[in-house]
Amino acid sequence: MDLLRSNLSRVRIPEPTNRIYKHECCISFDTPRSEGGLFVDMNTFLAFGKDCVGWNYEKTGNSVYLHIKQTKKLVPEDRPSKKPTLLAIGVDGGFDNNEPEYEETHNIVILPDYVTFPFPSVELPEKVRLAVDAILMAEGEERKGQLAAWTADKKQISAYAMNLQQIDNGVTVPPSGWKCAKCEKKENLWLNLTDGMILCGRKNWDGSGGNNHAIEHYKETKYPLAVKLGTITADLDAADVFSYPEDESVLDPLLSQHLAFFGIDFSSLQKTEMTTAERELDQNINFDWNRIQESGEELEPIFGPGYTGLVNLGNSCYMAATMQVVFSTRSFCSRYYMNLSLKEAFELAPADPTVDLNMQLTKLAHGMLSGKYSVPAMEKDDNANAATSTSSKQEGIPPRMFKSVIAASHPDFSSMRQQDALEFFLHFLDQVERANGGKPTLDPSRSFKFGIEERILCSSGKVAYNRRLDYILSLNIPLHEATNKDELEAFQKLKAGEISEGKDVSSEEIVRPRVPLEACLASFSAPEQIQDFYSTALKAKTTAQKSAGLTSFPDYLVLHMRKFVMEEGWVPKKLDVYIDVPDIIDISHMRSRGLQAGEELLPDGVPDGEADSNKLLANEDIVSQLVSMGFNHLHCEKAAINTLNTGVEEAMNWLLAHMDDPDIDLPISQEAQGTEVVDQSKIDTLISFGFEEELARKALKASAGDIEKATDWIFNNPNASISSDMDATTSSISPTPDDSGLPDGGGRYRLFGIVSHIGTSTQCGHYVAHVFKNGRWVIFNDNKVGASVNPPKDMGYLYFFERLDS
């Protein structure tokens, strides 16, 4: 007891604001039910498994721990079921999930010699007794989030909904291509239901998320209600409507009417087109479900390293499926498992390892790849009170701490709602890149990154090039390239006959288009005609040709199949199609070569003082589409002109980047009269980044003096660094700083991972992963892991390919 008293300075009595962990180790997946139990640091209130608690002692010097051990309890077979008092599963007061009960014992343990004192005991110092009581009575941090997410939170009807005034300003909201009217954000966008403005949401604590433009608009106008774009489906009650004066999510009983005001018409959707589309999808849903999950097949369960399932935390299958494929790559396995031990990650982590992405990724990697937790679960024997029989299933590991960290900068992922696996994958890679900032040799996300180059060929024979970086290749599905057109035609005749007789087509009779993956890849790189393109070489409008290719081939190529499209009238539709995907693909022909010998670049804009009858005029189609989104007509004309009438998206990008330009409101005829003065200190700053002075001056002029925008402009305009008087026959485009150093190699790839989706929308349904490991396909369906019998290669949403060594 003297030893304990001598360490009382290391004991704290937790306060209500302290976060207390007592259900799971913060650096492994050990729990109080693990063989060694769990040790709670009585100074930091972090929990550690038996293998990890010594590391915490070495790092912090904290020597006093509350040891919690749970052992299975013998329970009478005829115990009555508990009546739930809370809409939750697996938490106190929630629905009984028939888990066995456990008996919990507590001890005070002092490291490093593991001297143990039983608790409760009157001999223990009062400070220790008070601290332990507070820890045991507190709600564990691991359970707080789980309980909050599961608890039903019924939305109330907004007091502003029934009498909402809407302004008829001619705004018609398009079904896609949204961007914030005040910045370049394409995500987390909100439609104000009063004036139709599309603006970004709130900025998160770490600088991610939106730029607060939606709420700032409310503060300026007091227009109260906004709906989040992307949450609007045929089920209007599921739409995310927010009331700024009430400061909460609300219900809008008149949402259909309010949306129709801006051209989003759900009346026809519900009565005609959507009813037909959904009926056909419903007929196929059971088939999809069984095929993708391989239901009905005798799947051999697999256990051991690399075959650990992930517990579904409540619609978290999008995360589980994605992470199973990600941690099947060499880059992520090496970074967070083979080359980084749990102890090393813990030593590098901040004081609270639960909020460190590097630590939680290492924890997840070791949990999934070590095999420690990939063992058959124990099942309760019906003829005995003890769980003695071995199950063919595994319990899996619950990635709660990882989800909490990755969702900190993206609130949607912290909810219990289903999310888009593609959106999660891109967000995840972005966070990994940030966490490894400045250390490209360590960053495993780079193995997915590649460059895309667009080439515009003018009828004058001169060219322009634009580059960008991406993690995924998003492919349209050309249904007209289906290889089973005869069968489809016969099915359509059968379907018409069945409908005329008032019958539904059975799922066995339905024929889906089969489109080769090669056709989808060809659609990406196929030349596209651009009408009314203003040629700076011809000083006139003409027709140009745009094509795209890859400037580098990544170690891992991810193909996203655009199965979800938005039709006219805001009819959301999932393409009912099979994609024939071979095991080996070769995309060598898709490599972009940049500026070639004999090619001449288009002049960079119209020469100063040039003003004749041939002067570029804005394309009215581009202008009208931008105006319908709520932008100023003059601004839209300038955007179209400055992007040479290339297209709506290019004009939108220019508009968002130049909305704060001092001359944005000047008439087009007067723009040339102004002179641009660039702050020399800003030029010097860009020069210090390694850019040439003339390029820095040009970028600052194009970005209204904003250094950050100027930097982005340089990266997005690689042509700008090439002098107009260079010999076009010998010049070539150098890779941008971001493009250089990326993985590159041959164009042959092997399919190794598939993320499939079941359901009518990416925001609902279920995701399953199939991964090719050790010579066979394996299905990962949350915590269920087994040998795949018939992997659904033709039903994937995301396809993962690994580059083959030459």
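1. A residue is called buried when its relative accessible area is under 20%, exposed when that area is over 50%, and partly exposed in between (1.4 Å probe, protein chains only). At 23% relative accessibility, Arg750 therefore counts as partly exposed. The model is predicted: local features need pLDDT of at least 70, side-chain atom pairs count only at pLDDT 80 or more, and totals for chains, interfaces and linings use all residues. Residues are numbered from 1 along each chain as its sequence is written, and side-chain values use heavy atoms, with hydrogens and water left out.

2. Arg750 is found in strand 25 (residues 748–758); strands (E, at least two residues) and helices (H or I, at least four) are DSSP runs, numbered from the N terminus. Setting aside neighbours within four places in sequence, Arg750 is in contact (heavy atoms within 4.5 Å) with Asp583, Ile584, Phe772, Phe800, Phe801, Glu802 and Leu804. Between Arg750 and Leu557 the C-alpha to C-alpha distance is 9.5 Å, although 193 residues separate them in sequence.

3. Strand 29 (residues 796–803) has eight of its eight residues buried, so it is largely enclosed by the rest of the structure. Two strands are taken to pair if DSSP finds at least two bridges between them. Strand 25 and strand 29 run antiparallel and are joined by seven bridges, with Gly753 having Phe800 as its bridge partner in strand 29. Strand 20 (residues 556–561) also pairs with strand 29 in the antiparallel sense, over five bridges; here Leu559 has Tyr799 as its bridge partner.

4. Elsewhere, five strands form an open sheet in the order 2-1-3-4-5, with antiparallel pairing. Strand 2 (47–49) and strand 5 (115–119) are the edge strands, each pairing on one side only. Strand 1 (residues 38–41) and strand 2 are antiparallel and share three bridges; Leu38 stands opposite Gly49 in strand 2.

5. A nonpolar core is a set of buried Ala, Val, Leu, Ile, Met, Phe, Trp, Tyr and Cys residues joined through side-chain atoms within 4.5 Å. The largest has 54 residues, and Met323, Phe327, Phe402 and Phe428 have the most contacts inside it. Helix 9 (residues 317–326) gives the most to this core, with eight residues. Beyond its neighbours within four places in sequence, Phe402 is in contact with Met319, Met323, Leu357, Gln360, Leu361, Leu364, Phe424 and Phe428. Another core, of 50 residues, lies apart from the largest one and includes Cys180, Leu189, Trp190 and Leu191.
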